[in-house]
Amino acid sequence: MSTAMNFGSKSFKPRPPDKGAFPLDHFGECSAFKERFMECLRDSGYESGACRQRAMAYLECRMERQTVFCIMFLLFYCFQLRQLMANEPLEKLGFKDLIDEKSEAKPEKS
């Protein structure tokens with residue numbers, strides 16, 4: 001009986017994500033990368049490990065692209081708000097092995 005009356009004794013305090021918001025790609029700037037990734041997932045039976053190269057390309061696209069906000073108030077004015085995704089080393093996103101493979105594949109200059 002006492003447990004039914006203790007709704008307020010423990011309060012849940014939500015906290016924001018560690019990396020912040022992940023803005024939507026309203027203008028479809030990275031949709032080609034996303035579609036290639038999704039196609040790979042479907043073809044591989046949703047085995048994400050087989051599509052890591054495409055996942056990395058999609059995240060690179062998001063880090064490179066900027067969201068732009070335009071307003072029209074007497075003049076048409078556009079300004080840059082923020083990136084679709086904050087820049088983050090790909091090693092920290094779990095792609096260290098793929099980066100090492102890329103560097104090994106490049107021929108060294110003699």
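This is a predicted model: local features need pLDDT of at least 70, side-chain atom pairs count only at pLDDT 80 or more; totals for chains, interfaces and linings use all residues.
Me: Where is E88 found?
Reply: E88 is in the loop between β2 (75–83) and α3 (96–105). Helices (H or I, at least four residues) and strands (E, at least two) are DSSP runs, numbered from the N terminus.

Me: What does the side chain of E88 make a polar contact with?
Reply: The side chain of K92, at 3.3 Å. A polar contact is a pair of N or O atoms within 3.5 Å; within protein, one must be able to donate a hydrogen and the other to accept it, and residues adjacent in sequence count only if both atoms are side-chain atoms.

Me: Zoom out. How many helices and strands?
Reply: Three helices and two strands. Along the sequence the pattern reads α-α-β-β-α.

Me: And how much of the protein counts as buried?
Reply: 18% of the 110 residues.

Me: How do the axes of α1 and α2 cross?
Reply: Helix α1 (residues 31–43) and helix α2 (residues 52–64) have axes that come within 9 Å and cross at roughly 160°. Axes are lines fitted to C-alpha atoms, for helices over the stretch in contact, and angles run from 0 to 180 degrees between N-to-C directions.

Me: Which makes α1 and α2 what, roughly parallel or roughly antiparallel?
Reply: α1 and α2 are therefore roughly antiparallel to each other. Angles under 35 degrees count as roughly parallel, over 145 as roughly antiparallel, 65 to 115 as roughly perpendicular and the rest as oblique.

Me: Is the crossing of α1 and α2 left-handed or right-handed?
Reply: Left-handed. That term applies if the near helix is turned anticlockwise from the far one by less than a right angle; right-handed is clockwise.

Me: What about C51, where is its place?
Reply: C51 is in the loop between α1 and α2. It counts as buried, at 1% relative accessibility. C-alpha to C-alpha, C51 and M38 are separated by 8.8 Å, and they are 13 residues apart along the chain.

Me: What is phi of Y46?
Reply: Near 60°, a positive value in a residue other than glycine. Y46 also lies in the loop between α1 and α2. Y46 is exposed, with a relative accessible area of 57%.

Me: Which helix does A55 lie in?
Reply: Helix α2. A55 counts as buried at 16% relative accessibility. A55 and F33 are 22 residues apart in sequence, and their C-alpha atoms are 8.1 Å apart in space.

Me: F33, then. What sits over the ring of F33?
Reply: The charged end of R36, 4.9 Å from the ring centre. A charge sits over a ring if NZ of Lys or CZ of Arg is within 6 Å of the ring centre and within 35 degrees of the ring normal.

Me: Now the segment before α1. Is L24 buried or exposed there?
Reply: L24 lies in that segment and is exposed, with a relative accessible area of 61%.

Methods
Residues are numbered from 1 along each chain as its sequence is written. Side-chain values use heavy atoms; hydrogens and water are left out. Buried means under 20% relative accessible area, exposed over 50%, partly exposed in between (1.4 Å probe, protein chains only).
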